[in-house]
Amino acid sequence: MPMSIVEKLKELLPESQVSTQADHLNVASHDESTLEPVTPLVVVWTKSTDEIVAVVKLCYETKTPLTTRGAGSALEGSTIPTANGIVLDVSQMTEIVEFAPDDLQVKVQPGIIYDDLNLHLKQESLFFPPSPGGSGDIATIGGMVSTNASGIYSVKYGGTKEYILELEVVIGDGTFMKLGTKAIKRSSGYNLVDLIAGSEGTLAVITSVTLKLAGLPEGRLKTAYKFESANNAAQAVSEICKYGIDVAAVEFLDKNVMTALNLLKDYKLEEVPALFLEFHGSDEVLSSNNEMAASICEELGGSELKLADGQNPWEIRHYVTDSIKHRKPGFTILRNDVAFPISKLPEMVNYCHELSKEYNILIHAFGHVGLGLLHALILADKSDENEWSQAIKMNDLIIKKTLELGGTISGEHGIGLGHKDLFELEHGKSVLLMQMIKKQFDPHNILNPGKIFDL
Ligand SMILES: Cc1cc2nc3c(=O)[nH]c(=O)nc-3n(C[C@H](O)[C@H](O)[C@H](O)COP(=O)(O)OP(=O)(O)OC[C@H]3O[C@@H](n4cnc5c(N)ncnc54)[C@H](O)[C@@H]3O)c2cc1C
(Lines give C-alpha, C1' and ligand atoms only; values in the text may rest on other atoms or scores of the structure.)
Protein backbone atom coordinates (compact mmCIF):
# COMPACT_ATOMS: atom_id res chain seq x y z
CA MET A 1 0.00 0.00 0.00
CA PRO A 2 1.35 3.49 -0.83
CA MET A 3 2.21 5.65 2.17
CA SER A 4 -0.41 8.22 3.18
CA ILE A 5 0.45 11.92 3.35
CA VAL A 6 0.36 11.77 7.13
CA GLU A 7 2.83 8.86 7.19
CA LYS A 8 5.12 10.73 4.81
CA LEU A 9 4.96 13.85 7.03
CA LYS A 10 5.91 11.72 10.03
CA GLU A 11 9.00 10.63 8.09
CA LEU A 12 9.97 14.24 7.42
CA LEU A 13 9.25 15.72 10.86
CA PRO A 14 9.44 14.52 14.47
CA GLU A 15 6.16 12.76 15.31
CA SER A 16 5.27 15.39 17.95
CA GLN A 17 5.12 17.99 15.15
CA VAL A 18 2.45 16.17 13.13
CA SER A 19 -1.11 15.76 14.39
CA THR A 20 -4.47 14.46 13.26
CA GLN A 21 -5.92 14.85 16.75
CA ALA A 22 -9.46 16.30 16.70
CA ASP A 23 -8.67 19.24 19.02
CA HIS A 24 -5.65 20.29 16.92
CA LEU A 25 -7.64 19.99 13.67
CA ASN A 26 -10.41 22.01 15.27
CA VAL A 27 -8.10 24.91 16.19
CA ALA A 28 -6.65 24.88 12.66
CA SER A 29 -10.09 24.81 11.00
CA HIS A 30 -10.95 28.48 11.48
CA ASP A 31 -9.71 32.02 11.84
CA GLU A 32 -11.43 34.92 13.64
CA SER A 33 -13.94 35.48 10.85
CA THR A 34 -17.52 34.31 11.20
CA LEU A 35 -17.14 32.14 8.07
CA GLU A 36 -17.73 28.38 8.25
CA PRO A 37 -14.70 26.41 9.53
CA VAL A 38 -13.17 23.64 7.38
CA THR A 39 -11.38 20.73 9.07
CA PRO A 40 -8.01 19.96 7.46
CA LEU A 41 -6.46 16.51 7.07
CA VAL A 42 -3.48 17.19 9.32
CA VAL A 43 -1.63 19.96 11.15
CA VAL A 44 2.17 20.28 11.22
CA TRP A 45 4.24 22.62 13.37
CA THR A 46 7.52 23.52 11.69
CA LYS A 47 10.56 24.72 13.61
CA SER A 48 12.99 25.60 10.79
CA THR A 49 13.20 26.69 7.16
CA ASP A 50 14.50 23.24 6.18
CA GLU A 51 11.38 21.64 7.62
CA ILE A 52 9.18 24.09 5.68
CA VAL A 53 11.07 23.29 2.44
CA ALA A 54 10.55 19.55 3.05
CA VAL A 55 6.80 19.95 3.71
CA VAL A 56 6.22 22.21 0.69
CA LYS A 57 8.18 19.82 -1.58
CA LEU A 58 5.99 16.95 -0.41
CA CYS A 59 2.85 19.01 -1.08
CA TYR A 60 4.16 19.90 -4.54
CA GLU A 61 4.93 16.28 -5.41
CA THR A 62 1.57 15.02 -4.13
CA LYS A 63 -0.47 18.09 -5.17
CA THR A 64 -1.69 18.48 -1.60
CA PRO A 65 -3.16 21.89 -0.59
CA LEU A 66 -1.27 23.70 2.17
CA THR A 67 -2.43 26.64 4.26
CA THR A 68 0.15 28.48 6.35
CA ARG A 69 -1.04 29.56 9.78
CA GLY A 70 0.37 32.15 12.18
CA ALA A 71 -2.01 33.01 15.02
CA GLY A 72 -5.20 32.50 13.00
CA SER A 73 -6.49 35.99 13.87
CA ALA A 74 -7.36 36.88 10.26
CA LEU A 75 -10.87 38.20 9.73
CA GLU A 76 -11.81 37.21 6.17
CA GLY A 77 -11.28 33.44 6.12
CA SER A 78 -7.79 33.63 4.59
CA THR A 79 -6.53 31.17 7.22
CA ILE A 80 -9.37 28.65 6.76
CA PRO A 81 -7.77 25.53 5.23
CA THR A 82 -8.97 23.13 2.53
CA ALA A 83 -10.70 19.92 3.60
CA ASN A 84 -8.05 17.51 2.26
CA GLY A 85 -5.17 19.84 3.04
CA ILE A 86 -2.29 20.40 5.42
CA VAL A 87 -2.11 23.30 7.86
CA LEU A 88 1.50 24.41 8.26
CA ASP A 89 1.62 26.21 11.59
CA VAL A 90 4.65 28.49 12.08
CA SER A 91 3.64 29.84 15.50
CA GLN A 92 6.57 28.06 17.19
CA MET A 93 9.10 29.87 14.99
CA THR A 94 9.45 32.90 17.26
CA GLU A 95 13.16 33.70 17.25
CA ILE A 96 14.78 37.07 16.72
CA VAL A 97 17.45 35.99 14.23
CA GLU A 98 19.45 39.24 14.04
CA PHE A 99 18.97 42.59 15.75
CA ALA A 100 20.89 45.54 14.28
CA PRO A 101 19.79 48.58 16.34
CA ASP A 102 22.37 50.86 14.68
CA ASP A 103 20.74 50.13 11.30
CA LEU A 104 17.23 50.22 12.82
CA GLN A 105 16.63 46.69 11.53
CA VAL A 106 15.58 43.32 12.87
CA LYS A 107 15.35 39.89 11.24
CA VAL A 108 12.76 37.56 12.78
CA GLN A 109 11.19 34.18 12.26
CA PRO A 110 7.58 34.46 11.02
CA GLY A 111 5.81 33.23 14.17
CA ILE A 112 6.96 35.97 16.55
CA ILE A 113 4.03 37.94 17.99
CA TYR A 114 3.80 41.68 17.32
CA ASP A 115 3.73 42.78 20.99
CA ASP A 116 6.56 40.38 21.95
CA LEU A 117 8.75 41.81 19.20
CA ASN A 118 8.09 45.36 20.33
CA LEU A 119 8.86 44.47 23.94
CA HIS A 120 12.28 43.33 22.80
CA LEU A 121 12.88 46.36 20.55
CA LYS A 122 11.97 48.75 23.38
CA GLN A 123 15.32 47.99 25.08
CA GLU A 124 16.95 49.96 22.25
CA SER A 125 14.19 52.62 22.11
CA LEU A 126 12.96 51.24 18.78
CA PHE A 127 9.62 49.88 17.60
CA PHE A 128 7.77 48.34 14.65
CA PRO A 129 4.87 50.80 14.41
CA PRO A 130 1.80 49.38 12.58
CA SER A 131 0.06 48.37 15.80
CA PRO A 132 -3.10 46.34 14.89
CA GLY A 133 -5.90 47.82 17.02
CA GLY A 134 -7.20 44.73 18.76
CA SER A 135 -4.80 41.91 17.87
CA GLY A 136 -1.26 43.12 18.55
CA ASP A 137 -1.10 40.65 21.42
CA ILE A 138 -1.73 37.66 19.12
CA ALA A 139 -0.90 38.54 15.49
CA THR A 140 2.37 37.10 14.15
CA ILE A 141 4.77 39.06 11.95
CA GLY A 142 4.35 36.49 9.12
CA GLY A 143 0.57 36.96 9.33
CA MET A 144 0.94 40.75 9.35
CA VAL A 145 3.14 40.65 6.24
CA SER A 146 0.74 38.27 4.49
CA THR A 147 -2.25 40.54 5.11
CA ASN A 148 -0.30 43.82 4.92
CA ALA A 149 -1.78 44.66 8.31
CA SER A 150 -2.09 48.20 9.58
CA GLY A 151 -3.10 49.77 12.83
CA ILE A 152 -3.67 52.76 15.01
CA TYR A 153 -0.23 54.30 14.27
CA SER A 154 -0.32 53.69 10.50
CA VAL A 155 -1.65 57.19 9.80
CA LYS A 156 1.75 58.58 10.81
CA TYR A 157 4.10 55.64 10.28
CA GLY A 158 2.51 53.56 7.48
CA GLY A 159 1.38 49.94 7.29
CA THR A 160 3.40 46.70 7.43
CA LYS A 161 4.49 46.87 3.78
CA GLU A 162 6.40 50.10 4.36
CA TYR A 163 8.70 48.26 6.80
CA ILE A 164 9.64 45.06 4.95
CA LEU A 165 13.21 45.02 3.65
CA GLU A 166 13.94 41.37 3.03
CA LEU A 167 11.88 38.19 2.99
CA GLU A 168 13.01 34.60 2.94
CA VAL A 169 10.35 32.44 1.34
CA VAL A 170 9.58 28.98 0.02
CA ILE A 171 7.54 29.07 -3.19
CA GLY A 172 5.06 26.45 -4.36
CA ASP A 173 7.57 23.94 -5.81
CA GLY A 174 9.59 23.94 -2.57
CA THR A 175 12.33 26.33 -3.78
CA PHE A 176 13.80 28.54 -1.04
CA MET A 177 14.76 32.10 -2.01
CA LYS A 178 15.56 35.51 -0.62
CA LEU A 179 13.63 38.58 -1.83
CA GLY A 180 14.71 42.21 -1.34
CA THR A 181 17.86 43.43 0.45
CA LYS A 182 18.76 45.28 3.63
CA ALA A 183 18.98 48.61 1.75
CA ILE A 184 16.09 50.87 2.73
CA LYS A 185 15.82 52.42 -0.76
CA ARG A 186 15.95 50.21 -3.85
CA SER A 187 15.45 50.65 -7.59
CA SER A 188 16.70 47.22 -8.53
CA GLY A 189 14.21 45.23 -10.57
CA TYR A 190 10.70 44.10 -9.79
CA ASN A 191 9.56 44.58 -6.22
CA LEU A 192 8.72 40.99 -5.27
CA VAL A 193 8.71 41.88 -1.57
CA ASP A 194 5.68 44.10 -2.14
CA LEU A 195 4.04 41.33 -4.13
CA ILE A 196 4.26 38.92 -1.20
CA ALA A 197 2.91 41.56 1.23
CA GLY A 198 -0.85 41.07 1.29
CA SER A 199 -0.78 37.85 -0.76
CA GLU A 200 -2.42 35.85 2.08
CA GLY A 201 -0.12 32.83 1.82
CA THR A 202 -1.07 32.19 -1.83
CA LEU A 203 2.39 32.81 -3.34
CA ALA A 204 4.90 31.54 -0.79
CA VAL A 205 5.50 30.49 2.80
CA ILE A 206 7.47 33.23 4.55
CA THR A 207 10.30 31.78 6.62
CA SER A 208 11.89 35.04 7.82
CA VAL A 209 11.21 38.77 7.71
CA THR A 210 13.74 41.60 7.95
CA LEU A 211 12.01 44.76 9.10
CA LYS A 212 12.99 48.39 9.15
CA LEU A 213 12.23 49.99 12.54
CA ALA A 214 11.33 53.42 13.90
CA GLY A 215 12.63 55.25 16.97
CA LEU A 216 10.27 55.42 19.93
CA PRO A 217 8.78 58.91 20.19
CA GLU A 218 10.22 61.37 22.71
CA GLY A 219 6.79 62.01 24.19
CA ARG A 220 3.16 61.05 23.67
CA LEU A 221 -0.10 62.90 24.23
CA LYS A 222 -3.38 61.01 24.16
CA THR A 223 -6.72 62.73 24.03
CA ALA A 224 -10.34 62.15 23.05
CA TYR A 225 -13.11 64.30 21.56
CA LYS A 226 -16.86 63.83 21.49
CA PHE A 227 -19.26 65.14 18.82
CA GLU A 228 -22.97 65.61 18.45
CA SER A 229 -23.00 63.97 15.05
CA ALA A 230 -20.92 61.24 13.45
CA ASN A 231 -20.74 63.40 10.34
CA ASN A 232 -18.95 66.19 12.25
CA ALA A 233 -16.51 63.73 13.82
CA ALA A 234 -15.70 62.36 10.35
CA GLN A 235 -15.41 65.91 8.99
CA ALA A 236 -12.92 66.74 11.76
CA VAL A 237 -10.68 63.82 10.71
CA SER A 238 -10.76 64.92 7.11
CA GLU A 239 -9.85 68.51 8.16
CA ILE A 240 -7.06 67.36 10.52
CA CYS A 241 -5.50 65.45 7.60
CA LYS A 242 -6.06 68.32 5.16
CA TYR A 243 -4.20 70.77 7.42
CA GLY A 244 -1.27 68.36 7.67
CA ILE A 245 -1.49 68.06 11.46
CA ASP A 246 0.97 65.39 12.50
CA VAL A 247 -1.34 62.90 14.26
CA ALA A 248 0.21 59.58 15.30
CA ALA A 249 -3.23 57.98 15.68
CA VAL A 250 -6.80 59.05 15.08
CA GLU A 251 -9.54 56.51 15.62
CA PHE A 252 -13.26 57.05 15.09
CA LEU A 253 -15.87 55.26 17.21
CA ASP A 254 -19.54 55.83 16.49
CA LYS A 255 -22.30 55.99 19.11
CA ASN A 256 -23.16 52.28 18.71
CA VAL A 257 -19.55 51.29 19.33
CA MET A 258 -19.48 53.36 22.55
CA THR A 259 -22.71 51.64 23.70
CA ALA A 260 -21.27 48.19 22.93
CA LEU A 261 -18.10 49.04 24.91
CA ASN A 262 -20.12 50.12 27.95
CA LEU A 263 -22.17 46.93 27.77
CA LEU A 264 -19.09 44.69 27.68
CA LYS A 265 -16.69 46.56 29.99
CA ASP A 266 -18.81 49.06 31.93
CA TYR A 267 -16.42 51.89 30.95
CA LYS A 268 -19.17 54.47 31.62
CA LEU A 269 -18.31 56.24 28.36
CA GLU A 270 -20.64 58.95 27.10
CA GLU A 271 -22.55 57.26 24.29
CA VAL A 272 -21.75 59.77 21.55
CA PRO A 273 -19.57 59.69 18.39
CA ALA A 274 -15.92 60.11 19.40
CA LEU A 275 -12.37 60.46 18.15
CA PHE A 276 -9.40 59.03 20.07
CA LEU A 277 -6.15 60.80 19.18
CA GLU A 278 -2.46 60.50 19.95
CA PHE A 279 0.42 62.84 19.08
CA HIS A 280 4.14 62.06 19.18
CA GLY A 281 7.13 64.37 19.72
CA SER A 282 8.67 66.91 22.10
CA ASP A 283 6.46 68.83 24.57
CA GLU A 284 6.36 71.79 22.18
CA VAL A 285 5.33 69.64 19.18
CA LEU A 286 2.75 67.81 21.27
CA SER A 287 1.07 70.96 22.46
CA SER A 288 1.03 72.73 19.10
CA ASN A 289 -0.42 69.67 17.28
CA ASN A 290 -2.93 69.16 20.07
CA GLU A 291 -4.01 72.82 19.95
CA MET A 292 -4.51 72.75 16.17
CA ALA A 293 -6.51 69.50 16.31
CA ALA A 294 -8.56 70.86 19.24
CA SER A 295 -9.51 74.01 17.33
CA ILE A 296 -10.67 71.95 14.33
CA CYS A 297 -12.72 69.65 16.57
CA GLU A 298 -14.24 72.63 18.42
CA GLU A 299 -15.15 74.42 15.17
CA LEU A 300 -17.13 71.31 14.28
CA GLY A 301 -18.95 71.29 17.62
CA GLY A 302 -16.60 68.82 19.31
CA SER A 303 -15.42 69.03 22.90
CA GLU A 304 -13.02 67.04 25.03
CA LEU A 305 -14.33 63.62 26.02
CA LYS A 306 -13.33 62.98 29.61
CA LEU A 307 -12.33 59.37 30.18
CA ALA A 308 -12.46 58.05 33.73
CA ASP A 309 -9.19 58.44 35.67
CA GLY A 310 -6.48 56.14 34.40
CA GLN A 311 -8.48 55.00 31.37
CA ASN A 312 -6.25 54.53 28.36
CA PRO A 313 -8.03 55.20 25.04
CA TRP A 314 -6.11 52.33 23.41
CA GLU A 315 -7.18 49.83 26.03
CA ILE A 316 -10.77 50.85 25.31
CA ARG A 317 -10.13 50.66 21.55
CA HIS A 318 -8.69 47.14 21.98
CA TYR A 319 -12.10 45.81 23.05
CA VAL A 320 -14.16 47.30 20.19
CA THR A 321 -14.49 44.09 18.13
CA ASP A 322 -15.11 41.94 21.20
CA SER A 323 -17.77 44.31 22.50
CA ILE A 324 -19.66 44.22 19.19
CA LYS A 325 -19.33 40.42 19.08
CA HIS A 326 -20.97 40.13 22.50
CA ARG A 327 -23.59 42.84 22.10
CA LYS A 328 -26.42 40.57 20.95
CA PRO A 329 -26.02 36.91 21.93
CA GLY A 330 -26.70 34.60 18.97
CA PHE A 331 -26.15 37.38 16.43
CA THR A 332 -23.35 37.24 13.85
CA ILE A 333 -21.01 39.97 12.62
CA LEU A 334 -20.77 40.68 8.93
CA ARG A 335 -17.63 42.76 8.47
CA ASN A 336 -15.84 44.96 6.00
CA ASP A 337 -12.65 47.02 6.03
CA VAL A 338 -13.15 49.44 3.19
CA ALA A 339 -10.68 52.25 2.43
CA PHE A 340 -11.14 55.37 0.29
CA PRO A 341 -9.74 58.91 -0.20
CA ILE A 342 -9.89 60.74 3.13
CA SER A 343 -12.29 63.51 1.99
CA LYS A 344 -14.95 60.81 1.43
CA LEU A 345 -15.00 59.78 5.10
CA PRO A 346 -18.08 61.86 6.12
CA GLU A 347 -19.99 60.60 3.06
CA MET A 348 -19.11 56.97 3.84
CA VAL A 349 -20.03 57.26 7.54
CA ASN A 350 -23.38 58.87 6.61
CA TYR A 351 -24.01 56.21 3.98
CA CYS A 352 -23.48 53.36 6.47
CA HIS A 353 -25.78 54.97 9.05
CA GLU A 354 -28.48 55.66 6.45
CA LEU A 355 -28.33 52.01 5.33
CA SER A 356 -28.66 50.90 8.93
CA LYS A 357 -31.85 52.97 9.29
CA GLU A 358 -33.27 51.83 5.96
CA TYR A 359 -32.77 48.12 6.65
CA ASN A 360 -33.32 48.40 10.41
CA ILE A 361 -30.14 46.41 11.09
CA LEU A 362 -27.48 47.55 13.57
CA ILE A 363 -24.18 48.93 12.21
CA HIS A 364 -21.10 49.81 14.29
CA ALA A 365 -18.70 52.12 12.44
CA PHE A 366 -15.12 52.65 13.58
CA GLY A 367 -11.56 52.39 12.33
CA HIS A 368 -8.15 53.85 11.57
CA VAL A 369 -9.92 56.74 9.87
CA GLY A 370 -6.83 58.89 9.35
CA LEU A 371 -5.96 56.35 6.63
CA GLY A 372 -9.45 56.66 5.14
CA LEU A 373 -10.16 53.18 6.52
CA LEU A 374 -13.55 52.34 7.96
CA HIS A 375 -15.07 49.23 9.48
CA ALA A 376 -18.87 49.16 9.42
CA LEU A 377 -19.67 45.97 11.31
CA ILE A 378 -23.17 44.73 10.66
CA LEU A 379 -24.76 42.74 13.48
CA ALA A 380 -27.57 40.47 12.31
CA ASP A 381 -29.41 37.25 13.13
CA LYS A 382 -28.00 34.58 10.79
CA SER A 383 -30.80 32.16 11.68
CA ASP A 384 -33.33 34.64 10.25
CA GLU A 385 -32.90 34.05 6.51
CA ASN A 386 -34.50 37.31 5.49
CA GLU A 387 -32.47 39.44 7.94
CA TRP A 388 -29.21 37.73 6.96
CA SER A 389 -29.76 38.25 3.23
CA GLN A 390 -30.56 41.93 3.93
CA ALA A 391 -27.33 42.19 5.93
CA ILE A 392 -25.34 40.70 3.05
CA LYS A 393 -26.99 43.17 0.70
CA MET A 394 -25.99 46.07 3.00
CA ASN A 395 -22.41 44.85 3.11
CA ASP A 396 -22.25 44.62 -0.68
CA LEU A 397 -23.71 48.12 -0.99
CA ILE A 398 -21.05 49.53 1.36
CA ILE A 399 -18.31 47.91 -0.70
CA LYS A 400 -19.81 49.02 -4.02
CA LYS A 401 -20.13 52.60 -2.73
CA THR A 402 -16.46 52.48 -1.70
CA LEU A 403 -15.43 51.37 -5.18
CA GLU A 404 -17.52 54.15 -6.74
CA LEU A 405 -15.58 56.62 -4.60
CA GLY A 406 -12.26 55.29 -5.87
CA GLY A 407 -11.59 53.08 -2.86
CA THR A 408 -10.73 49.45 -2.18
CA ILE A 409 -12.62 46.44 -0.79
CA SER A 410 -9.90 45.82 1.77
CA GLY A 411 -7.68 48.35 3.51
CA GLU A 412 -6.09 45.82 5.86
CA HIS A 413 -7.80 42.44 6.41
CA GLY A 414 -7.41 41.04 2.90
CA ILE A 415 -9.85 39.29 0.60
CA GLY A 416 -9.64 35.69 1.86
CA LEU A 417 -12.94 33.95 1.22
CA GLY A 418 -15.11 36.75 2.59
CA HIS A 419 -14.79 39.23 -0.28
CA LYS A 420 -13.81 37.00 -3.19
CA ASP A 421 -17.10 37.55 -5.00
CA LEU A 422 -16.54 41.31 -5.40
CA PHE A 423 -12.80 41.16 -6.12
CA GLU A 424 -13.15 41.42 -9.90
CA LEU A 425 -15.36 44.46 -9.54
CA GLU A 426 -12.37 46.29 -8.06
CA HIS A 427 -9.58 44.86 -10.22
CA GLY A 428 -11.19 44.08 -13.58
CA LYS A 429 -8.87 42.49 -16.13
CA SER A 430 -5.84 42.74 -13.87
CA VAL A 431 -7.19 39.66 -12.03
CA LEU A 432 -5.98 37.67 -15.07
CA LEU A 433 -2.48 39.02 -14.52
CA MET A 434 -2.67 38.09 -10.84
CA GLN A 435 -3.74 34.57 -11.79
CA MET A 436 -0.73 34.26 -14.12
CA ILE A 437 1.60 35.50 -11.38
CA LYS A 438 0.13 32.95 -8.96
CA LYS A 439 0.90 30.15 -11.44
CA GLN A 440 4.56 31.20 -11.65
CA PHE A 441 4.98 31.08 -7.87
CA ASP A 442 2.78 28.07 -7.35
CA PRO A 443 2.49 25.86 -10.46
CA HIS A 444 0.31 23.19 -8.81
CA ASN A 445 -1.94 25.69 -7.00
CA ILE A 446 -1.22 24.15 -3.60
CA LEU A 447 -0.56 27.34 -1.60
CA ASN A 448 -3.75 28.41 0.17
CA PRO A 449 -5.85 27.62 -2.93
CA GLY A 450 -9.18 29.35 -3.44
CA LYS A 451 -8.25 32.45 -1.45
CA ILE A 452 -8.49 35.95 -3.03
CA PHE A 453 -9.58 34.41 -6.40
CA ASP A 454 -10.04 31.01 -8.01
CA LEU A 455 -7.74 29.72 -10.72
C1 LIG B 1 -9.85 41.65 17.59
C2 LIG B 1 -9.09 41.76 16.31
C3 LIG B 1 -8.63 43.01 15.90
C4 LIG B 1 -7.91 43.15 14.71
N5 LIG B 1 -7.43 44.36 14.38
C6 LIG B 1 -6.71 44.50 13.24
C7 LIG B 1 -6.17 45.78 12.87
O8 LIG B 1 -6.32 46.79 13.54
N9 LIG B 1 -5.47 45.85 11.71
C10 LIG B 1 -5.25 44.75 10.92
O11 LIG B 1 -4.57 44.89 9.89
N12 LIG B 1 -5.74 43.55 11.25
C13 LIG B 1 -6.46 43.39 12.38
N14 LIG B 1 -6.95 42.15 12.72
C15 LIG B 1 -6.75 41.01 11.81
C16 LIG B 1 -5.50 40.15 12.08
O17 LIG B 1 -5.07 40.25 13.43
C18 LIG B 1 -4.36 40.53 11.14
O19 LIG B 1 -4.73 40.26 9.80
C20 LIG B 1 -3.04 39.81 11.43
O21 LIG B 1 -2.03 40.39 10.66
C22 LIG B 1 -3.09 38.31 11.15
O23 LIG B 1 -1.96 37.70 11.76
P24 LIG B 1 -2.00 36.14 12.14
O25 LIG B 1 -0.68 35.76 12.67
O26 LIG B 1 -3.16 35.87 13.02
O27 LIG B 1 -2.22 35.52 10.71
P28 LIG B 1 -3.11 34.27 10.31
O29 LIG B 1 -4.54 34.52 10.57
O30 LIG B 1 -2.53 33.03 10.88
O31 LIG B 1 -2.87 34.28 8.73
C32 LIG B 1 -3.35 35.34 7.94
C33 LIG B 1 -3.00 35.07 6.47
O34 LIG B 1 -1.59 35.06 6.32
C35 LIG B 1 -1.12 33.80 5.87
N36 LIG B 1 0.13 33.53 6.59
C37 LIG B 1 0.34 33.56 7.93
N38 LIG B 1 1.63 33.33 8.19
C39 LIG B 1 2.26 33.15 7.00
C40 LIG B 1 3.59 32.85 6.61
N41 LIG B 1 4.56 32.71 7.48
N42 LIG B 1 3.85 32.72 5.28
C43 LIG B 1 2.88 32.86 4.34
N44 LIG B 1 1.60 33.13 4.67
C45 LIG B 1 1.30 33.28 5.98
C46 LIG B 1 -2.24 32.82 6.18
O47 LIG B 1 -2.22 31.71 5.29
C48 LIG B 1 -3.46 33.69 5.98
O49 LIG B 1 -3.76 33.79 4.62
C50 LIG B 1 -7.68 42.00 13.91
C51 LIG B 1 -8.13 40.74 14.32
C52 LIG B 1 -8.83 40.62 15.50
C53 LIG B 1 -9.28 39.25 15.91
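Let's start at the ligand: α5 gives the most residues to the shell around it, five in number. Helices here are DSSP runs of H or I with at least four residues, strands are runs of E with at least two, and both are numbered from the N terminus.

A word on the model. It is predicted, so local features need pLDDT of at least 70, side-chain atom pairs count only at pLDDT 80 or more, and totals for chains, interfaces and linings use all residues. Residues are numbered from 1 along each chain as its sequence is written.

Back to the ligand. How many residues surround it? The count is 37, and the closest are G70, G134, G142, G143 and G201. To be near, a residue needs its C-beta atom, placed from the backbone, within 6 Å of the molecule. By type, the shell holds eleven nonpolar, 21 polar and five charged residues. Nonpolar means Ala, Val, Leu, Ile, Met, Phe, Trp, Tyr, Cys and Pro; charged means Asp, Glu, Lys and Arg; the others, Gly among them, are polar.

Now the domains. The assignment gives domain 1 (5–89), domain 2 (96–215) and domain 3 (220–404). Those bounds come from an automatic or database domain assignment. Domain 1 and domain 2 each supply at least three residues to the ligand shell.

Next, domain 2 against domain 3. Their centres, taken over C-alpha atoms, are 27 Å apart. Nine residues of domain 2 are in contact with 15 residues of domain 3. Contact means C-beta atoms, placed from the backbone, within 7 Å of each other. The side of domain 2 that touches domain 3 has three nonpolar residues, five polar and one charged.

On to helix packing. Axes are lines fitted to C-alpha atoms, for helices over the stretch in contact, and angles run from 0 to 180 degrees between N-to-C directions.

First pair: α1 and α3. Helix α1 (residues 5–12) packs on helix α3 (residues 49–62) at about 150 degrees, with the axes 10 Å apart. That makes α1 roughly antiparallel to α3. The cut-offs are under 35 degrees for roughly parallel, over 145 for roughly antiparallel, 65 to 115 for roughly perpendicular, and oblique for the rest. The α1 and α3 crossing is right-handed. A crossing is right-handed if the near helix is turned clockwise from the far one by less than a right angle, and left-handed if anticlockwise. I5, K8, L9 and L12 of α1 meet A54, V55, L58 and T62 of α3. That contact has six nonpolar residues, one polar and one charged.

The axes of helix α8 (residues 230–242) and α13 come within 8 Å and cross at roughly 155 degrees. The two are therefore roughly antiparallel. Which residues make the contact? From α8 come A230, N231, A234, Q235, V237 and S238; from α13 come L345, P346, V349, N350 and H353.

Helix α13 (residues 345–359) and helix α14 (residues 385–404) have axes that come within 11 Å and cross at roughly 160 degrees. That makes α13 roughly antiparallel to α14. On α13 the contact uses M348, Y351, C352, L355 and Y359; on α14, Q390, M394, L397, I398, K401 and T402. These divide into eight nonpolar, two polar and one charged.

Notes. Contact = placed C-beta atoms within 7 Å.
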